[in-house]
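Let's take a walk through a protein model together. Keep the sequence and the 3D view side by side as you read.

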Amino acid sequence: MVERRDVFQAIADPTRRIIIQKLSRGPLNIAQIGVDLEMSRQAIAKHIKILNECGMISMTQKGREQVCEARIERLEEVMDWVAKSRELWSQRFEKLDRFLNETKKR
């Protein structure tokens with residue numbers, strides 16, 4: 001069975017969020033991404049693979065290096081989900097407030 005990856009899986013890991021943040025400033029190769037990350041190049045490559053499978057980054061070959069570039073537009077899916085969730089919870093809290101205010105009046 002092939003595991004389906006999505007943008008939520010990409011941002012679920014703190015290391016992947018750091019990588020996305022680094023790439024949001026411009027394209028980098030794997031060695032440049034690894035600067036300041038205290039992990040092996042192999043571990044970074046695994047995170048890069050997941051981000052690529054999730055569609056959060058694109059990779060191109062430039063000479064002997066693979067250059068990664070962020071696809072920030074993929075975060076719109078997360079922003080849409082957060083907005084819908086915020087709206088839903090705001091409505092629920094408003095109903096709870098009305099209920100509590102009605103209960104106090106009794």
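**Starting from one methionine**

Let's begin at Met 56: apart from its neighbours within four places in sequence, Met 56 is in contact with Val 7, Ala 10, Ile 20, Leu 51, Glu 69, Ala 70, Arg 71, Arg 74 and Leu 75. Keep in mind that this is a predicted model.

Now step back to the whole chain. Which elements does the chain have? It has five helices and three strands. Reading from the N terminus, they come in the order α-α-β-α-α-β-β-α.

Next, the overall dimensions. The chain has 106 residues, and a compact globule of that length would have a radius of gyration near 13 Å, but this chain has 20 Å. Along its principal axes, the C-alpha trace spans about 75 × 30 × 30 Å. Buried residues account for 25% of the 106 residues. If you take the contacts between residues at least 6 apart in sequence, 49% of them join residues at least 24 apart. Gln 9 sits in helix 1 and is partly exposed, with a relative accessible area of 22%.

In what order do the three strands lie? They form an open sheet in the order 1-3-2, with antiparallel pairing. Strand 1 (28-29) and strand 2 (57-62) are the edge strands, each pairing on one side only. What holds such strands together? Strands of a sheet pair through backbone hydrogen bonds, either parallel or antiparallel.

You can follow each pairing in turn. Strand 1 and strand 3 (residues 65-70) are joined by two bridges and run antiparallel. On this side, Asn 29 has Val 67 in strand 3 as its bridge partner. Strand 2 and strand 3 also run antiparallel, and six bridges join them. Here Lys 62 has Glu 65 in strand 3 as its bridge partner. The hairpin of strand 2 and strand 3 has two residues between the strands, and Gly 63 takes a positive phi near 70° in this hairpin.

A positive phi turns up in another place too. Most residues other than glycine have a negative phi. Asp 36 is not a glycine, yet it has a positive phi of about 75°. Where is Asp 36? It lies in the loop between helix 3 and helix 4, and at 70% relative accessibility it counts as exposed.

Two helices lie across the sheet strands. Helix 2 (residues 14-23) lies across strand 1, strand 2 and strand 3, and it runs at about 90° to strand 3. Helix 4 (residues 41-53) lies across strand 2 and strand 3, running at about 115° to strand 2. While you are at helix 2, find Thr 15, which has its place there. Is Thr 15 buried or exposed? Thr 15 is buried, with a relative accessible area of 15%. Leaving aside neighbours within four places in sequence, Thr 15 is in contact with Met 39 and His 47.

Let's go inside now. The largest nonpolar core has 19 residues, and those with the most contacts inside it are Ile 19, Leu 23, Ile 33, Ile 48, Leu 51, Met 56 and Cys 68. Which elements supply at least two residues each? They are helix 1 (7-11), helix 2, helix 3 (30-34), helix 4 and strand 3. Helix 4 gives the most to this core, with four residues.

Our last stop is a pair of cysteines. How many disulfides does a search of the whole structure find? It finds zero. Cys 54 is in no disulfide, and the nearest cysteine sulfur, that of Cys 68, is 14 Å away.

Notes:
Residues are numbered from 1 along each chain as its sequence is written. This is a predicted model: local features need pLDDT of at least 70, side-chain atom pairs count only at pLDDT 80 or more; totals for chains, interfaces and linings use all residues. Side-chain values use heavy atoms; hydrogens and water are left out. Two strands pair if DSSP finds at least two bridges between them. Contact means heavy atoms within 4.5 Å. Axes are lines fitted to C-alpha atoms, for helices over the stretch in contact, and angles run from 0 to 180 degrees between N-to-C directions. A disulfide is a pair of cysteine sulfur atoms within 2.5 Å. A nonpolar core is a set of buried Ala, Val, Leu, Ile, Met, Phe, Trp, Tyr and Cys residues joined through side-chain atoms within 4.5 Å. Buried means under 20% relative accessible area, exposed over 50%, partly exposed in between (1.4 Å probe, protein chains only). The radius of gyration is taken over C-alpha atoms; the globule rule is 2.2 Å times the number of residues to the power 0.38.
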